[in-house]
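This briefing covers fold, confidence, core, cavity and selected residues, in that order. The sequence and structure come before the notes.

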Amino acid sequence: MPPLTRWYVRSSFLYLVATLVTGVWLAARAVWPGSLPGSSALSPIYFHLLMIGWVTQLIFGIANWMFPVYTREAPRRSESLGIATYFLLNTGLLLRIVAEVGVAEAGTTGWRWLLGGALLLLFLAALAFVANTWGRVTGN
């Protein structure tokens, strides 16, 4: 298994644990309303931890490993673009979590700009993944 794939898979496991903890916290808040602290940002945080942190990250990692080889010299196409994708995805997700709390608690324009920046990083990660993987799927 290539090192980048291990990074993706291990990170996805950490996000799975964070998703489960967040989900239990949300469920406990529903059972005992008002007794546990939390913000309205927990629901979108839960969703993004699950879908981007766990599912997308695991898919990116396994695709990096299992998709057909691009060439013998560059089996996974661009290693540096793959690493950039990993960092864009994780930085975007972590910024999104921070920004969601900031928007929910303060709602100021600065927090909304941070949220927009996080979304841009996630979008760029998706584009980078497609750009780096496309040739492995089509053979071009």
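A residue counts as buried when its relative accessible area is under 20%. By that cut-off, buried residues make up 35% of the 140 residues in the protein. The model is predicted, and its secondary structure comes to four helices and zero strands.

**Fold and dimensions**

- Read along the sequence, the pattern is α-α-α-α.
- Taken along the principal axes, the C-alpha atoms fill a box of roughly 60 × 30 × 20 Å.
- Of the contacts between residues at least 6 apart in sequence, 76% join residues at least 24 apart.

**Confidence**

- The average pLDDT of the protein is 89, and 90% of the residues score at least 70.
- Where pLDDT is low, the predicted coordinates should not be read in detail.

**Nonpolar core**

- The largest nonpolar core holds 16 residues, and Tyr8, Leu89 and Leu93 are the ones that touch the most other members.
- Two or more residues of this core come from each of α1 (3-31), α2 (42-66), α3 (79-105) and α4 (109-138).
- The most is given by α2, with five residues.
- Leaving out residues up to four places away in sequence, Tyr8 touches Gln57, Phe60, Gly61, Gly82, Thr85, Tyr86 and Leu89.

**Cavity**

- Rolling a probe the size of a water molecule over the atoms shows where empty space is left.
- The count comes to one cavity of 30 Å³ or more.
- The largest cavity has a volume of about 90 Å³.
- Its lining consists of Leu4, Tyr8, Phe60, Ala63, Asn64, Gly82, Thr85, Phe129, Asn132, Thr133 and Arg136.
- The elements that give two or more residues to this lining are α1, α2, α3 and α4.
- With four residues, α4 gives the most to the lining of the largest cavity.
- The lining residues divide into five nonpolar, five polar and one charged.

**Tyrosine 86**

- Tyrosine 86 is found in helix α3.
- Its relative accessibility is 11%, so tyrosine 86 counts as buried, the cut-off being under 20%.
- Leaving aside neighbours within four places in sequence, tyrosine 86 is in contact with Leu4, Trp7, Tyr8, Ser11 and Gln57.
- Tyrosine 86 and phenylalanine 129 are 43 residues apart in sequence, with their C-alpha atoms 8.8 Å apart in space.

**Tryptophan 54**

- Tryptophan 54 is found in helix α2.
- Not counting residues up to four places away in sequence, tryptophan 54 touches Ser12, Phe13, Tyr15, Leu16 and Leu49.
- From tryptophan 54 to alanine 125 the separation is 71 residues in sequence and 15 Å in space, C-alpha to C-alpha.

Key:
Residues numbered from 1 in each chain as written. Predicted model: local features only at pLDDT ≥ 70, side-chain atom pairs only at ≥ 80, totals over all residues. Heavy atoms only, no water. Core = buried A, V, L, I, M, F, W, Y, C linked by side-chain atoms within 4.5 Å. Buried < 20%, exposed > 50% of the residue type's maximum accessible area, 1.4 Å probe, protein only. Contact = heavy atoms within 4.5 Å. 1 Å grid on protein atoms, 1.4 Å probe; cavity = no way out; pocket = protein on both sides within 12 Å on 5 of 7 lines; lining within 4 Å. Points joined across faces, edges and corners; volume = space filled by probe spheres on them. Nonpolar A, V, L, I, M, F, W, Y, C, P; charged D, E, K, R; others polar. pLDDT = per-residue confidence, 0-100.
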